[in-house]
Amino acid sequence: MPEIETFATVDDWADACADRLASDLAGAVSARGKALFAGPGGSTPAPVYERLSRSDLDWSRIAVTLIDERYVPETSPDSNARLIRDVLLQGPAAAAQFIPLYRPAVTVDRAAAEAAADLSSAGGRLDTVLLGMGEDGHICSMFPGSPTLKTLLTPVLKPTVLGVPPGRDGAAPTIERLSMNLPYLMQAGRVILALKGRTKREVYEREAGGDPRMQPIAALLAHAVPLDVLWTEAN
Ligand SMILES: O=C1O[C@H](COP(=O)(O)O)[C@@H](O)[C@H](O)[C@H]1O
């Protein structure tokens with residue numbers, strides 16, 4: 001299990017996350033002339049996105065996407081794309097290409113297939129990833145106990161984006177979603193799991209010892225995802 005790196009303040013934690021992402025993106029641009037980044041939605045990433053958006057990078061060579069999304073248009077307050085546009089794709093970072101997962105389509109599965117094709121055209125392999133985790137242990141839209149979890153956590157499939165139906169009997173997720181699968185994280189250059197608050201640390205430590213077929217955190221550890229875990233107690 002990777003060491004949990006502890007930061008005294010949210011500022012220190014967000015600086016460290018943003019510095020590592022910026023360093024990975026700069027390295028990829030320098031080595032290949034382009035870079036691909038994927039990040040989460042939710043309440044965690046805003047201070048990291050604010051800092052990253054101010055990084056001195058050749059943003060015109062960087063493509064930005066999401067690790068997961070609710071199946072809603074950007075006009076919805078639940079849209080992860082909206083967070084990315086409002087917080088990350090500002091200032092110098094406005095020059096980046098944005099590849100949304102959501103697009104209007106006949107079904108969420110069709111939208112997922114189109115998003116996967118667009119990502120493949122952009123190079124496919126993620127140079128660096130920012131990952132959040134819910135207090136129920138979900139990462140991306142891999143919800144413990146949900147019907148699509150087993151497929152999302154299957155390590156031998158190709159990296160792709162899948163449609164995620166709502167859980168049964170009101171279980172999470174409450175609406176349709178799109179999610180990268182585990183192989184997408186396995187082929188990334190680096191995955192930074194950004195955790196805030198004591199509860200999330202406890203969930204991470206508990207889930208790490210779980211069954212990799214059922215617990216997303218256990219799957220990250222079992223399948224050699226190149227993981228940094230950065231935590232601050234402050235919420
Ligand atoms: O549903 C989601 O939640 C997780 C965690 O969100 P947080 O509010 O606890 O930070 C997030 O990583 C994911 O991208 C999002 O779709």
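Colleague: Leaving aside neighbours within four places in sequence, what is P226 in contact with?

Modeller: This is a predicted model, and in it P226 is in contact with A188, G189, R190 and V191, once its neighbours within four places in sequence are left aside.

Colleague: Where does P226 lie?

Modeller: P226 is in the loop between α8 (216-222) and β10.

Colleague: Is P226 buried or exposed, or in between?

Modeller: P226 is partly exposed, because 16 other C-beta atoms lie within 10 Å; a residue counts as buried at 20 or more and as exposed at 12 or fewer.

Colleague: How many bridges join β6 to β9?

Modeller: Three bridges join strand β6 (residues 128-131) to β9, and the two run parallel. Within that pairing, I192 in β9 is the bridge partner of L130.

Colleague: And how many bridges are there between β9 and β10?

Modeller: β9 pairs with strand β10 (residues 227-232) over six bridges, in the parallel sense. A194 stands opposite L230 in β10.

Colleague: On to the core. Which residues have the most contacts inside the largest nonpolar core?

Modeller: That core has 69 residues, and those with the most contacts inside it are C17, V129, L131, L178 and I192. Helix α1 (residues 10-32) contributes the largest share of this core, seven residues. Nonpolar side chains tend to be buried together in soluble globular proteins.

Colleague: What does L178 touch, not counting residues up to four places away in sequence?

Modeller: With those residues not counted, L178 touches, among others, D68, E69, Y71, L101, Y102 and V108. Its contacts also include A111, A112, A115, V161, G163 and V164.

Colleague: Changing topic, which residues are around the ligand?

Modeller: They are P40, G41, G42, S43, T44, I67, D68, N80, G132 and G134. By class, this shell has two nonpolar, seven polar and one charged residues. D68 in the shell is also touched by L178.

Colleague: N80 is in helix α3 as well. Which residues of that helix are buried?

Modeller: The buried residues of helix α3 (residues 80-88) are N80, A81, L83, I84 and L88. Seen down the axis of α3, they fall within an arc of 160°, so they line one face of the helix.

Colleague: What do the buried residues of α3 pack against?

Modeller: They pack against β2 (35-39), α2 (46-53), β3 (62-66), β4 (68-70) and β5 (97-99).

Colleague: Now the loop between β4 and α3, where P73 lies. What does P73 touch, not counting residues up to four places away in sequence?

Modeller: On that basis, P73 touches S79 and Y102. The C-alpha atoms of P73 and Y102 are separated by 6.8 Å, although the two are 29 residues apart along the chain. P73 counts as partly exposed, because it has 14 C-beta neighbours inside 10 Å.

Colleague: Buried or exposed, for C140 and for D169?

Modeller: C140 counts as buried because it has 28 C-beta neighbours inside 10 Å. D169 is exposed, because it has 5 other C-beta atoms within 10 Å.

Colleague: What about the peptide bond from A172 to P173, cis or trans?

Modeller: The bond is cis, with omega near 0°. P173 is found in the loop between β7 (161-164) and β8 (177-180).

Conventions:
Residues are numbered from 1 along each chain as its sequence is written. This is a predicted model: local features need pLDDT of at least 70, side-chain atom pairs count only at pLDDT 80 or more; totals for chains, interfaces and linings use all residues. A residue is near a molecule or strand if its C-beta atom, placed from the backbone, lies within 6 Å of it. Ala, Val, Leu, Ile, Met, Phe, Trp, Tyr, Cys and Pro count as nonpolar, Asp, Glu, Lys and Arg as charged, and the others, Gly among them, as polar. A nonpolar core is a set of buried Ala, Val, Leu, Ile, Met, Phe, Trp, Tyr and Cys residues joined through C-beta atoms within 7 Å. Helices (H or I, at least four residues) and strands (E, at least two) are DSSP runs, numbered from the N terminus. Two residues are in contact if their C-beta atoms, placed from the backbone, lie within 7 Å. The arc is that of the directions from the helix axis to the C-beta atoms. Two strands pair if DSSP finds at least two bridges between them.
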